[in-house]
Structure formats: structure tokens, C-alpha cells
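Good morning, and thank you for the time. I would like to take the group through selected features of one structure, which is now on the screen.

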Amino acid sequence: MSKKTHAVIAMALSAVMLLSACGSPSSAGGAGSGKEKEINVAIYKDGGFDALDAASYNGPHFLYKMIYEGFTEDGGGGSILPSLATNWDISEDGKTYIFHLREGVKFSDGTDFNADATLFNLKRWVNDDRHAALSSTYVDSMEATDAHTVKIVYKDASYPILLELSYPRPVRFLSPASIKDEKFTQPVGTGPWMLESYKKDSEFTLVPNPYYWGEKPKIDRIRFKVITDAQARVMALQSGEVDIIGGDLVGKIPMESLNELKSNSDFQVFTKGTLCSHFIAFNEKTAAFQDKNVRLAMNYAVDKRGIAADLFDNNGLEAGGMYQKGVPYTTEKNNYGYPYDVDRAKQLLEESGYIDSDGDGIREKGGQKLEFKLLLSTDEFPEWKPLSEFLQSEFTAVGIKINLSTLDKNGYDEAATDGRGYDIALMRTASDSWVPHSSLRELFFDLAGHDYAKVWTDDNLKSMITKALLTMDENARQAQYDKVFSYISEEALTIPVYYPISSFAVNTKKVANFEIGVNNYAPVEWSKLDIK
Amino acid sequence: MKRFKLIVKRVVQIVPILLIVTLLAFFLSNVSSGDVATVTLQSRGVQPTEQNLAAVREELGLNAPLPVQYINWLKKAVQFDFGISFQTHKPVSEEIFARFPATLKLALAATLMSLVFSIPLALLSARYKDSTADHTIRILSSVGATIPDFWLGLMLLYLFGVVLKIVPVISGSKLSNIFLPAFTLSVAYGATYVRVLRSNLIEVRRFDYMKAARARGLGEGKALAKHGLKNALLPMVTLIGINFGKLLSGQIATETIFSWNGIGKFAVDSMKVKDLPVIQGYIMIVSITYIAINLILDILYMYIDPRIQSD
């Protein structure tokens, strides 16, 4: 090779390097460069930091948990971990709580966290009807007994109070210095991360809180980039602009992209079961569903394994009982589903007198055909479209005709509550820290302003759930929950069809120690993240 | 004087139109499916109960009867105050105008781009009518006019962002990244312009002034470009103007795919969560833009084509 060629190659190379350096300033700080360790994460919506008050409901849930802390933390599987309260005493009647606060804790602005700061925060949200979904909002009295002890007397005893106090909001603590003239100024908490920069609708960065009392994060910065479109998030991962995508509340990966990412060796796909399940609810006002055989038959008619394995390519789990495995207080014995058995389904319908007498393929009894309207919305879960079509064919196979009614999210929600213009509806349970106690309340207690429940109205079930919620003794509570779940399973009050999973795709060339967190409110073990 | 009177008449006509728009904006957004308080609570991740529903209705000012709410809203709306967003807790006009420049840039770029490639193509097509080139251009413009923008956007983003890596996937509303989203939008509009302009050009070829141009010794192509184009473009001013107004109302799919923070994306996000003040403010601002563009077009025509005032 001549000298001239060398020179040309060298020039070309340096030009390329220069160009690539210009093109992607954010990719700096990668492998062993000795610079700051930074990881880029795609998020589907803005962080809402200009209003991310600890006592508000503004930005994404998980950001509250990164920045703010509460008395307790959700350890997953129903376990409660100490956080800013190191321990607590609960009175016999379950109403008085004494929280012993962690000492030496500072907010990320350097101010002290103590009993005064605690009361300052509590006063901002307790006894406010806006938080009426929480039993911990109704407080009789509260006081600081010393600088690091707070005593709270609640109006009613309720076992989920400690769990509620681990929620992302509004129960966490904001630095009192962040409130000026009764107005929120900036998000300052005691959590492991603090806000460094924020460009609305575009990106924001979080850096470790220098005063954090616990295990310090291993990286120097997380840069969240706002990408609304799900396909664009996948492309941003493929182009190297972000290193992590996924998570139900961070930015879901479309189901059709998951297999593509799985087959690409540059990325690793991580999945974890959620605490959510998708199910079919029966409208109790449709006369046929008062017959348990019909409900049972429809359970037997659905191939749950086929849905998870074939329809969704194993990007989900086969449904069993109404609640997904891992939901506190559910067991194999109390929370079960029915196997796929078409013959059994047909037999049950025949036992109840439903026979196809006119040969149109639809069973009827006394002139009443088994023809139902299935309500759904594809806004939240696009996969409900193929799912509903599959279910339609499953029910046709046993002589039940299904007409699909697909509405937008708001129309669906309205029909599922007020209008009740459906026979069966695709629904999902709550997830994360809301199962099972809040979920049961949501689905089986009367809807606000109505005398019927969202899923099934049954006074017996209602009183069993109420009892479980009020039982403070752990063993007695388990026994009570056994009754609740067994009843739901035994009576076939729903048709569980599918358990969704939470998935992430990670650029494994760059990111090390990726671990999915306990639930959607703590979607990733952010502090463990590192760079290769 | 006649022109001036006509313009005044046009402006006066706007008042009742705007009033009807306010009625539609306010009442339609209220009667659309979903209870505002319930949707707001759900968007916050809170389960609605009787107490928190009542508290939220109070907080959002939804307790007064609708006509009273409308009058209160209208009083402020005439001063361009559309209230506070339920979601962001900031003034709606502030939120919309913060995003408007991004939409404006995209609309200008897309309009410009669609004209830049449609004019030469239409000239070529008209000059060599029924040739292979003409047929190819006509087929391409049919495809271009019907291709869905979200599909085209994703394909372009994949090709240039992921495969070739010459543009970032996240455009971040930066002017340097405007080419792909603007091109995506310009395809459908440009394709329509090619078709309309082509037939206009073919039509003007029959006129006397074209014959005169040819008689003066100008070639067919030159005559078309110099004399025919000006006259063929005139009837398109309305079309381009209306399309520009459409672009200004925000392009949801393109803005979303390219992470371009315009008002279209903001409006759709707000509709999902029934953020009424934003929806109403958006409808008002978009309607006013449309009306303004129409007015400007009307006035423009009076000067371009003096025959119009005698009608």
C-alpha cells in the first residue's frame, strides 16, 4: 500500500470517527472509558416533574419510588419491608400505629428527615376524600412523640394500612423545603435517586442522591428518553439510542416485537410474571348466567394453554384461577381454574337443557338462544383483538354465539360500569400492591353510585371479603381469604383466560446486572444496574 | 372600497361561526363517552369511590350545571384563557402554544417539500402525457396518496434510523431531524398535488395564451413552465391552504412515531384521559386557525384574480 492510500484511509477513518462522535454524544461513557456510567432508558410518557409532588398523582408511578420513600416498602409477595420507619408497633385494636423513624436520614437537598417532616407530609393528604380509596387516609389523630417517633391513630382498623403506606403515592415524603408559599417547587425526597435535569416531553436524567442512607446506585446517571410510540421504542433500542426498553408502566414492548428481539443476540429479553390476570366477567343481569352450569361450561370451553402458547407465542402464562400465582393469600388449593374440555362443556349445557334444536349451531332453551355480546377495548391491550376472536371461535365450538363489541377505552369503561350493555366482558384485575384486597373490593363491591358490583354481586361473597379485610391476625386472615378465593373458583364467577407477563429488552453489550423489580411500581432494580 | 367592504363582511361572518364552534367544542367534549371524574381518577391510578369522585368533581369544577359551566368557560375563552389542564395543572393556552412551534415547523416543511417534488413531476407528466414517464408518475402518485402515514413513517424510520443509522430514531423536535417526518407527511399531499396540477396543466394547454406562447417560438416544455404553470397553480392555492391548515392541527401518527412534540400528539393524549379544558382549547385554536386561513385565502384571491370581487 502506498503512503497516499494510508493517508486517505486515515483521513476517512478519522472522518468517520468524528461523524459518529457527533452523531451520538449520549453513547459516550460506555465500556470502560473511565467516564461517567450512564444508561439510557425509553419511557412512554413525560416524567411530569414540574408537578411530581409526593402527595400528587401526576407522573409515572415508578418515579415516585425512585425519588421518594415512605414508612414502608413493598417487598413483593405480600411482604412489607421497613423503609423510613425502621419498625412499628400496632395496638391490639389495630387502630394505633407507632412508627420509629430511621435516624440520620437526609433529603437530597441536605435537610433532615425527622418527625416534623413526617407530620408536615402527612397533613398534606390525610383526611382528604380524594384519597378515599385508601383506608390510611382516615386519621383520627397524629403526633410526634419525639424527634424520631410518630404516633398515628386511624379511624378504622384495616390490615392493608402498612401495605398502603408503601404505595408510590400519595404516602411518601417530600422535603418540606420544596413547598414555598404552599406551592410545590421541586421533587426532593430521601430516595436513592434525585432529579438532575428535565426537558419536558423529551428527556430527563436522574442521578444518585448523595445523602442516601441505603445501598448506593452503581451507575452515575439514568437518562430517560420519552418515546411515545411502541415500535419507535424498539427501533431506538436497535439503533443504540436507548439501552433498556419495556415494563408495563415504563413503556411496553409490542408482543410482535418480542420474538424478533429474542432472536437478536445483541439484546436479551427478560420476563417476569405480573400480578395481573385477564378474565371474562359475566353480566349477572343476563339470565343464562344465573345458571352455574353455563358459567362452568364456558370455563371448560376455553383452551387457556392454547392462548398462552400459540396465540401469544408464550409471551404470557396459561391462566389458572382468577388471580395470577404470587398474589398474596392465593394458593393452589383456593385459586383454581377449569381445564380445557369441550365434551364436558357440551355435557353441562345439555344438563341445563340447552340444545341446538333448529340446527343453526346455536344452543337454546325455551326459545332463548345462547347468544352473547362480548365487550372489549383494544386501547390498553391491542392483543385483546386476536384474543376476543379466538374466544369467539372457542365458544362457537360448544354452541354459543358471541358478537364482539369493541369500544374505545372511555366507552368501554362506561359500558362496563354504568351502561352494562354487554353479556360478557374482557377485563383485567388490578396489579402490583393492589391485589388482592383492593382488587376484590373493586370487582365484587358495589360500584360508586350503583347497587351492583363490577363483576358479580353476591352478598355472601361481599361479607366474606369484608371479614378478610378486617381480620388482623395473619392465620385467621389466610383462612378467611381461603373462603373468598375458593368461592370465586368453585362458583366459576369469572373465566380466567390469560396471565400477562412483564417484559424488558436490554442491550447486553452495555448493560450489566439487569434485574426486574418486585412489581410495576418498582419495575427495575435500578440501584443494581451497572455498565459492562 | 368594494374590496374593503367584502373583507369586513367576511370578518363579521366569522362571529356566528365561532359561536357555533364554542358550543360544539364545549358540549360535544362533555357528552363524549366516559365520566370525566372517573376517567381522571383512573388516569391517576386511583380506584373511584363515592367520596373521591365527589372530591374530584369539586376540584375540577364539574358540579355546576353544564350551561353555567359553558358561560363561565366562554367568558374566559374569548380572552384565550381555556382554563387549567386536568392532567398537567398548567394553563391550556400555555400548553398548546408551547407545542405549536413544533407543529408549525413540520407543517411548513411538509408543505414546502410536497410542492418541491410535485411541481416538476406534474410538469413532466403533463408535458409527456400518455408516455411511460406519465404513467409511472400517475401510478406513483396513486400509491403515494393512499399509503398510510404511520406505515410509511415506521418504514422510513427503520430504514434510516436502524438499518442505515443516518438519522436518530428519537427526533426530539430538532430542526436538524425534520426531514423524515416532513417527508412522511409530504408524500400524501405531494401525490395529490401531482394529480391535480397535472390535470390543470393539461387543461391550460388548450388556452389561447399558450397557443400564443407556442406561436412566439417557445417549446412546449418552456411554454408550460413559464406560462402554463402560473395559471395551473392558481386553483390549487385553496387546496394547499386547506391542507396547510390540516397540517397545523397536528399530525398524530407522524408526531408520535418520530417523537415530535406537536399539538396533535398532545390533543390525542388529552382526549384519552378526557382532559376537557385541553380538548376544548385545542378545538378552538384549530378552528380559529382554519377560519383565519380561509379568510386569508379569500382576501388573497381578490388580489390574484380581480374577477372575484365582481361576483
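This is a predicted model: local features need pLDDT of at least 70, side-chain atom pairs count only at pLDDT 80 or more; totals for chains, interfaces and linings use all residues.

Rolling a probe the size of a water molecule over the atoms shows where empty space is left. For this model, the count comes to 2 cavities of 30 Å³ or more. The largest cavity holds about 60 Å³ of space. Its lining includes Asn299(A), Met322(A), Tyr336(A), Tyr338(A) and Ile488(A). Helix H14 (474-490) and strand E22 (494-499) of chain A are the elements that give two or more residues to this lining. By class, the lining of the largest cavity has 6 nonpolar residues, 5 polar residues and no charged ones.

The second largest cavity has a volume of about 40 Å³. Which residues line the second largest cavity? From chain A they are Tyr57(A), His61(A), Tyr167(A), Pro168(A), Arg169(A), Trp434(A) and Tyr521(A), and from chain B they are Arg44(B) and Gly45(B). This lining divides into 5 nonpolar, 2 polar and 2 charged residues.

I turn now to the helix pair. The axes of helix H5 (residues 230-238) and helix H6 (residues 255-262), of chain A, come within 10 Å and cross at roughly 15°. Angles under 35 degrees count as roughly parallel, and H5(A) and H6(A) are therefore roughly parallel to each other. The crossing of H5(A) and H6(A) is right-handed. On the H5(A) side, the residues in contact are Gln231(A), Val234(A), Leu237(A) and Gln238(A). On the H6(A) side, they are Glu256(A), Ser257(A), Glu260(A) and Leu261(A). The contact of H5(A) with H6(A) comprises 3 nonpolar, 3 polar and 2 charged residues.

The last topic is backbone geometry. Most residues other than glycine have a negative phi, and most peptide bonds are trans. Pro170(A) lies in the loop between helix H4 (161-164) and strand E8 (179-180) of chain A. A cis peptide bond also joins Val435(A) and Pro436(A), with omega of about -10°. Pro436(A) is in the loop between strand E21 (424-428) and helix H12 (437-444) of chain A.

Finally, Asp181(A) is not a glycine, yet its phi is positive, at about 50°. Asp181(A) is placed in the loop between E8 and strand E9 (183-184) of chain A.

Technical notes
Residues are numbered from 1 along each chain as its sequence is written. Chains are lettered from A and ligands numbered from 1 in the order in which they are written. Side-chain values use heavy atoms; hydrogens and water are left out. On a 1 Å grid over the protein atoms alone, a cavity is a set of points where a 1.4 Å probe fits but cannot get out, and a pocket is an open set with protein on both sides within 12 Å along at least five of seven lines; lining residues have an atom within 4 Å of a point. Grid points are joined across faces, edges and corners, and a volume is the space filled by probe spheres set on the points. Helices (H or I, at least four residues) and strands (E, at least two) are DSSP runs, numbered from the N terminus. Ala, Val, Leu, Ile, Met, Phe, Trp, Tyr, Cys and Pro count as nonpolar, Asp, Glu, Lys and Arg as charged, and the others, Gly among them, as polar. Axes are lines fitted to C-alpha atoms, for helices over the stretch in contact, and angles run from 0 to 180 degrees between N-to-C directions. Angles under 35 degrees count as roughly parallel, over 145 as roughly antiparallel, 65 to 115 as roughly perpendicular and the rest as oblique. A crossing is left-handed if the near helix is turned anticlockwise from the far one by less than a right angle, and right-handed if clockwise. Contact means heavy atoms within 4.5 Å.
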